[in-house]
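Come along as I look things up, one stop at a time.

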Amino acid sequence: MVQQLQLSIGDKAFQELNEALEHGVSPELRRMLNGLPAPDAAHLLESSPPKLRSLLWRLIDREMEGDVLQELSDEVRQFFLDRMNVAELKVITEGQDVDDIADLLQQLPDTITRKVLDSMDSQDRQRVEAVLSYPEDTAGGLMNTDVITIRPSSTLDVVLRYLRRHKDIPEMTDSLFVVNRRDEYIGALPLTVLLTTAPSATVFEVMQTDLQPIAANMEDSQVAQLFERQDLVSAPVVSEQGQLLGRITIDDVVDVIREEAEHSMMSMAGLDDDEDTFAPALKTARRRAVWLGINLITAFIAASVIGMFQATIDKVVALAVLMPIVAGMGGNAGGQALTLVIRGMALGQISRTNLRWLLSRELMAGFLNGILWAALVSLIAYLWFHDPIIALVIACAMIINLSTAVIVGASLPVILKSINIDPALAGTIILTTVSDVVGFLSFLGLATLFYS
């Protein structure tokens, strides 16, 4: 049952663990597994088939389970959460960051979530509920309420003595946040400034006010863009009234960036971005069947267009040989435009002010590429079939389809986004259908016109 695991991290610890796996369950295997950092242990679980995954999970020490769960993908994490009772969940959440606890609870039924919350002390429960009150894909859902705040009237010497009274400070702390008596955010005091400035100076004199707070309802993708543009390590999160609610740190933003990239890549293939590599065959087949069915429908649409010109194809057999070229070139050209615009939208570069220019540019690029490749393909078609009409028809069809495909590819993401449909998920299928239909229609339609 235990097999050699192929892991992307090929260090000595993983090699030794693989060798131990070959000899079955043993105290040595448990020791080695719990000696791994939590991200590596999670990677090992995700790289295992379900039966082996369950076996390895039982070997992980209870105090390490919470850290490992946080590193797992949503689907694999759900696999283990579904098998836990309230007591086990309470133990796992102890010592975890508030935002991490919220991530776990959001995957549980409401009744279980309420029982876990009721088992916490009032302070921890209030902090977790504050995060749970916001959607998980917003700044409020990302934030951690564990922050250190100071008053602007305090001297740096007082702040240093205040920090020394703490047993520890929150991870990823690079700045202390300055608030007034109403807990409204007014600035930040970087630790570098605190440590290099005279202790007699006041916080108000040296604090920085250029670090703008993040609204709690800001989308997580916008938060990631903000961190990237300003090279932030952490940033304050405020309510609509300007009160400090918590902070977002770079480790949470890295997760957002990775999830966005995985979502775009998997969606283009019609797959869930949390797809488990080792999910059971029936579950995998059921998920993929939906999009395969949609693809089949679009294929029949394209086939029906071809069927309209069956008589022309019977008369000129060369058309059947050449028509996939027209559709294929249009699909590739449109796909380039589609990918470019989706990327631009993800980076926040596309707006109403520059959309018209972008569409005009894409139309010109498609037209120029259409002329270029139409000339080449028509020459090949003439040398192949010695028929000037076929050469002319395919040249015109290439120009029409490439121009249409790039416009559709560039405009589709904007249209789909405006009606709350994921462009990465639906864009490719729609574009393929349009490029096939327009390609076949223009090529076979022109052929029918010239040969009739």
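This is a predicted model: local features need pLDDT of at least 70, side-chain atom pairs count only at pLDDT 80 or more; totals for chains, interfaces and linings use all residues.

**Entry 1: a pair in helix 12**

I began with D157 and R161, which both sit in helix 12 (residues 156-164), 4 residues apart, or about one turn of the helix. I checked how the two side chains relate, and they meet in a salt bridge, 3.3 Å from N to O.

D157 counts as partly exposed because its relative accessibility is 32%. R161 is also listed as partly exposed, at 42% relative accessibility.

**Entry 2: other charged pairs**

How many salt bridges does a search of the whole structure find? I noted 7.

I then turned to helix 5. There, E65 and R62 are 3 residues apart, so about one helical turn separates them. Their side chains form a salt bridge, at 3.1 Å from N to O. Is E65 buried or exposed? With 7% relative accessibility, E65 counts as buried. R62 has a relative accessible area of 38%, so I wrote it down as partly exposed.

My next pair was E129 with R114, a salt bridge whose closest N and O atoms are 3.2 Å apart. E129 is partly exposed, having a relative accessible area of 28%. R114 counts as partly exposed too, at 39% relative accessibility.

I moved on to helix 7 (residues 86-93) and looked for its buried residues, which include L89, I92 and T93. Why do they lie on the same side of helix 7? They cover an arc of only 90° around the axis, and that puts them on one side together.

What covers them? I found helix 5 (62-71), helix 6 (74-81), helix 8 (98-105) and helix 9 (110-118) among the elements over the buried residues of helix 7.

I also checked both ends. N85 caps the N-terminal end of helix 7, with a side-chain oxygen 3.2 Å from the backbone nitrogen of A87. After helix 7 comes G95, which has a positive phi, near 85°.

**Entry 3: the nonpolar cores**

Which residues touch the most other members of the largest nonpolar core? The core holds 58 residues, and my answer is V68, L69, F80 and I248.

Neighbours within four places in sequence aside, I248 is in contact with A139, L142, M143, V223, F227, V233, S234, A235, V237 and V253. Apart from this core lies another, of 28 residues, and I listed A318, V326, A381 and F440 among them.

I finished with an open sheet of 3 strands, in the order 1-2-3 and with mixed pairing. Its edge strands are strand 1 (149-150) and strand 3 (185-190), each of which pairs on one side only.

How do strand 2 and strand 3 run, parallel or antiparallel? Strand 2 (residues 175-179) is joined to strand 3 by 5 bridges, and the two run antiparallel. I followed two of the partners: F177 bridges to A188 in strand 3, and V178 bridges to G187 in strand 3. The hairpin of strand 2 and strand 3 has 5 residues between the strands, and in it D183 takes a positive phi near 60°.

Is strand 3 mostly covered or open? I found that 5 of its 6 residues are buried.

My last stop was S175, which is found in strand 2. S175 counts as buried because its relative accessibility is 12%, under the 20% cut-off. Sequence neighbours within four places aside, S175 is in contact with A188, L189, P190 and L191.

Definitions and conventions
Residues are numbered from 1 along each chain as its sequence is written. Side-chain values use heavy atoms; hydrogens and water are left out. Two strands pair if DSSP finds at least two bridges between them. A nonpolar core is a set of buried Ala, Val, Leu, Ile, Met, Phe, Trp, Tyr and Cys residues joined through side-chain atoms within 4.5 Å. Buried means under 20% relative accessible area, exposed over 50%, partly exposed in between (1.4 Å probe, protein chains only). Contact means heavy atoms within 4.5 Å. The arc is that of the directions from the helix axis to the C-beta atoms. A polar contact is a pair of N or O atoms within 3.5 Å; within protein, one must be able to donate a hydrogen and the other to accept it, and residues adjacent in sequence count only if both atoms are side-chain atoms. A salt bridge is a side-chain nitrogen of Lys or Arg within 4 Å of a carboxyl oxygen of Asp or Glu.
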